[in-house]
Amino acid sequence: MAGKKLKLNAIATTGIIIIAFYLVGIIVSFFWVPFDPVDMDTDHILEGPSFATGHIMGTDEFGRDVFSRIMAGSSISLVISLAGTALGGILGTLLGIWAGYLGGAWDHWMMRFADILFSFPSLLLSIFIMAILGEHTLNVVIAIAIVYIPQFARISRGAILQIKQEEFVRAARSNGATSHYILYKHLLPNIVVPLIVQVSLSLSVAILLESSLSFLGLGVQPPAPSWGNMLSGARKVMAIAPWTAVYPGLAIVFLVLGFNLLGDGLRDILDPRLRNVG
Amino acid sequence: MGRYIAKRLLSLIPVLFGVSLIVFFMVRLIPGSALEMYMGTQVEATPQQMLELKRIFGEDKPVPVLYVEWIGQILRGDFGFSLRTGRPVLPDIISRLPLSLELTVLSLLISLLIGLPQGIMSSLGKNPFLDLINRIIGLLGLSLPQFWLASLMVLAFSGFAGWIPMGNYIPFSENPLKNLQMLLLPATAIGIGFSAVIMRYTRNSMLEVLQMDYIRTAKAKGLKKNVVIWRHALKNAILPVITVVGFNAGGLLSGSIVIEEVFALPGMGRLALYAIYQRDYPLIQAIVLIIATIFVLVNLLTDIVYALVDPRIRLDEGGK
């Protein structure tokens, strides 16, 4: 069913190309970066971008190469966002599909719980969680996951409610299939596509959340590079060395744009009503 | 309508109860008690003083009892006192709330000003290439970290002296013009991202409505294209946009936390950050509770506005 529909449009394809570009960069960064991203180099503080020195995006206030830090930070930022989205997505989806499938009291209480988590704006909730748990990389993952649990729960519950009365489900049940079997073999595959869209859009927001938290000094702690804390460090010097702020920011923008393009493109494919009717 | 509002107001109680539970118990999760943290900043205390402090910090009773007492205090308007200044936290928060709210409203206005026309144009566009460009620009707006955009704006406009009045914040009541001038850039930094959301919803909603039978009828009747678009289509298409605006107002309010920091504006967001850096947990607790409550109330207000505009909702609810 989904296979036929998933003929990618231009927007989704552009998104995939951007994301693939970053993935290649991350893989390369595991083996090679132009300069050491953590070691300070006091002889080359705040040098402007130049091909001659090899610092193509300049150096920061500690003489570290901005490009190398962006490369090293890419895996940190992306891994945190992926892990947080995956954790929140899996927990939320499990809660949501069981709530939608079983109905009744379980459904009622799970959705009230989701309502309550929804009562906190996501940035506020993640800042609050970081304040409670303390500034640590792992805690950023937890904060992102908690923000996403109710979102995935709602979406997957809604999707299950739409299809659980369909004939193939009733057929499976009358054949004596267990709830477990029906849920994971029949229902889950049918809601995978809306979930993929949600994952893609969630990743884009997760990267922004991580960078906001690190910018505020609540996320990844220096000297480990993350795009957010690079921008945080750049605040003091950006008036004289704008490159310290411009390039890490662009790194965030394009990756987030990649996930947004992918999510938006996929949503178009899924929802034919939104195709341009002109 | 009165019945609908009453019903919605009642449904607020369990949600706010849950919110207070989460805020209360999450703060209890912090390793080390508030008293220990307070003592960390103070000199030694005698055993009698310790006992008295324990009573003040409410560490002499079981947690459920403390929760009930805490709720009782909050309902009387007592949100506790700051660990750092020793002052009650509520007046401090209230004095900073207007700036954050003003910033939120301004950013909302800016995002509507950009997003609505862009969304309408995009939905009418016969030119698929222009439409694509429009959408990519929208998505780009959504991908900009607010604080980064804000920093770049400071960088770009700091050359134009007078454009960003630097120095002390001037409240609206003192000098409205200067105040708005100060808030224009921060509000734009918050608003640009959200304008992309508004654009997307306006576009999708318009596309959906434009396919409806009554639009075809209106066109077939020979009505002017502008009348069809503005009076028939937009009036219906605007409904989902209202909902999105309402549900995101709280997000805009918390977005101002970061932006206030960048522009050094003395709003509630900066107070929250200060509280977090200082580990001032009563202050954090109160701010989170207040923002979440505002968020829930705005959502409720959105539902009510929606029901006012669209009679189908309240009739449906009332029929049950």
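Here is a short chat about the model shown above.

Modeller: Quick ground rules: this is a predicted model, where local features need pLDDT of at least 70, side-chain atom pairs count only at pLDDT 80 or more, and totals for chains, interfaces and linings use all residues. Residues are numbered from 1 along each chain as its sequence is written, while chains are lettered from A and ligands numbered from 1 in the order in which they are written.

Biologist: How many helices and strands does chain B have?

Modeller: Helices (H or I, at least four residues) and strands (E, at least two) are DSSP runs, numbered from the N terminus. Reading chain B from that end, you get α-α-α-α-α-α-α-α-α-α-α-α-α. So, with that definition, the count for chain B is 13 helices and zero strands.

Biologist: What percentage of chain B is buried?

Modeller: Call a residue buried if 20 or more other C-beta atoms lie within 10 Å of its own, exposed if 12 or fewer, and partly exposed in between, with C-beta atoms placed from the backbone. Chain B has 320 residues, and the buried share is 35%.

Biologist: Which helix of chain A gives the most to the side that touches chain B?

Modeller: Two residues are in contact if their C-beta atoms, placed from the backbone, lie within 7 Å. That way, 38 residues of chain A meet 43 residues of chain B. Helix 4 (104–118), helix 5 (122–133), helix 8 (179–215) and helix 10 (243–270) of chain A each give two or more residues to chain A's side. With nine residues, the top giver is helix 10 of chain A.

Biologist: How far apart are the end C-alpha atoms of helix 7 of chain B?

Modeller: The expected span of a helix is 1.5 Å times one less than its number of residues. Helix 7 of chain B (residues 146–157) has twelve residues, so it should span 16 Å. The model agrees, with the end C-alpha atoms apart by 16 Å.

Biologist: Which elements do the buried residues of helix 7 of chain B pack against?

Modeller: Those buried residues include Phe147(B), Trp148(B) and Leu149(B). Their partners come from both chains: helix 8 (176–210) and helix 10 (225–263) of chain B, plus helix 8, helix 9 (227–234) and helix 10 of chain A.

Biologist: At what angle do helix 5 and helix 10 of chain B cross?

Modeller: Axes are lines fitted to C-alpha atoms, for helices over the stretch in contact, and angles run from 0 to 180 degrees between N-to-C directions. The axes of helix 5 (residues 89–124) and helix 10 of chain B come within 10 Å, and the crossing angle is roughly 145°.

Biologist: Where is the cis peptide bond next to Pro223(A)?

Modeller: The bond joins Pro222(A) and Pro223(A), with omega about 10°. Pro223(A) sits in the loop between helix 8 and helix 9 of chain A.

Biologist: Why does Ala264(B) count as partly exposed?

Modeller: Ala264(B) lies in the loop between helix 10 and helix 11 (268–277) of chain B, and has a positive phi of about 55° despite not being a glycine. Ala264(B) counts as partly exposed because its C-beta neighbours inside 10 Å number 13.
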